[in-house]
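Thanks for coming. I will take a few minutes to walk through one structure, and you can follow along on the screen.

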Amino acid sequence: MIYKNITTVRFIDRPNRFIAHVEIDGKTETVHVKNTGRCKELLIPGAEVILSKSYNPKRKTAYDLIAVYKETLGLVNIDSQAPNHVVQE
């Protein structure tokens, strides 16, 4: 599975299970979190996260948060839809 239009940014916080705030070019942006699980041990302030940009004009957010870098584990995919896409491929 290959993600398109990805960018690496810094995680700020997660006000609820559907959205997160990240820092993109010095500005705070609200992004969609593709995993409604807790993820508290991964999504900590300052963590490096990977976003995938969506060009759907009907969306409320321009990006999906798909992965996070954890020092002890490396890159962790938190996209809960990824396994279904991989099996489909």
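What you see is a predicted model. I will start with the strand at residues 63-70, E5, and its neighbour at residues 74-77, E6. These two strands run antiparallel and are joined by 4 bridges. A hairpin of 3 residues links E5 to E6. If you want a place to look in that pair, find Val-68, which sits opposite Val-76 in E6.

E5 also has a partner elsewhere. It pairs with E3 in the parallel sense, over 2 bridges. There, Val-33 has Leu-65 in E5 as its bridge partner.

Now E3 and the strand before it. E2 covers 19-24 and E3 covers 27-33. They pair in the antiparallel sense, with 6 bridges. Glu-23 is opposite Thr-28 in E3. The hairpin of E2 and E3 has 2 residues between the strands, and in it Asp-25 takes a positive phi near 50°. Is Asp-25 buried or exposed? Asp-25 counts as exposed, because its relative accessibility is 74%.

On that phi value, a word of background. Most residues other than glycine have a negative phi. Asp-25 is one exception here. Asn-5 is another residue to look at: it is not a glycine, yet it has a positive phi of about 55°. Asn-5 is in the segment before strand E1, which spans 6-13. With a relative accessibility of 42%, Asn-5 counts as partly exposed.

Which residues have the most contacts inside the largest nonpolar core? They are Leu-43, Val-49, Leu-51, Leu-65, Val-68 and Ile-78, in a core of 18 residues. Strands E1, E2, E3, E4 and E5 each supply at least two residues of this core. As general background, nonpolar side chains in soluble globular proteins tend to be buried together.

Take Leu-43 from that list. Setting aside residues up to four places away in sequence, Leu-43 touches Phe-11, Arg-14, Val-49, Leu-65, Val-68 and Ile-78.

Val-31, in strand E3, is buried because its relative accessible area is 0%. Beyond its neighbours within four places in sequence, Val-31 is in contact with Phe-18, Ile-19, Ala-20, Val-22, Leu-51, Thr-61, Tyr-63 and Leu-65. For a sense of distance, Val-31 and Pro-45 are 14 residues apart in sequence, and their C-alpha atoms are 15 Å apart in space.

Thr-61 is in the loop between E4 and E5. It counts as buried, because its relative accessibility of 13% falls under the 20% cut-off. A polar atom of the Thr-61 side chain lies 3.5 Å from the backbone oxygen of Tyr-63. Not counting residues up to four places away in sequence, Thr-61 touches Thr-30, Val-31 and His-32.

Tyr-63 itself is in strand E5. Its relative accessibility is 13%, so Tyr-63 counts as buried. What lies over the face of Tyr-63? Lys-53 does, at 4.8 Å from the ring centre. Tyr-63 and Lys-53 are 10 residues apart along the chain, and their C-alpha atoms are separated by 4.4 Å. Leaving aside neighbours within four places in sequence, the contacts of Tyr-63 include Thr-7, Ile-24, Glu-29, Leu-51 and Ser-52. As for ring against ring, a search of the whole structure finds 0 aromatic pairs.

That leaves Ser-52. It is in strand E4, residues 48-53. At 12% relative accessibility, Ser-52 counts as buried too. Which backbone oxygen lies 3.1 Å from a polar atom of the Ser-52 side chain? The one of Lys-4. Apart from neighbours within four places in sequence, Ser-52 is in contact with Lys-4, Asn-5, Ile-6, Ala-62, Tyr-63, Asp-64 and Ile-66. Asn-5, in that list, is the residue with the positive phi of about 55°.

Technical notes: Residues are numbered from 1 along each chain as its sequence is written. This is a predicted model: local features need pLDDT of at least 70, side-chain atom pairs count only at pLDDT 80 or more; totals for chains, interfaces and linings use all residues. Side-chain values use heavy atoms; hydrogens and water are left out. Buried means under 20% relative accessible area, exposed over 50%, partly exposed in between (1.4 Å probe, protein chains only). A polar contact is a pair of N or O atoms within 3.5 Å; within protein, one must be able to donate a hydrogen and the other to accept it, and residues adjacent in sequence count only if both atoms are side-chain atoms. Contact means heavy atoms within 4.5 Å. Two strands pair if DSSP finds at least two bridges between them. Rings of Phe, Tyr and Trp (its six-membered ring) pair if their centres lie within 6.5 Å; planes under 30 degrees apart count as stacked, over 60 as edge-to-face and the rest as tilted. A charge sits over a ring if NZ of Lys or CZ of Arg is within 6 Å of the ring centre and within 35 degrees of the ring normal. A nonpolar core is a set of buried Ala, Val, Leu, Ile, Met, Phe, Trp, Tyr and Cys residues joined through side-chain atoms within 4.5 Å.
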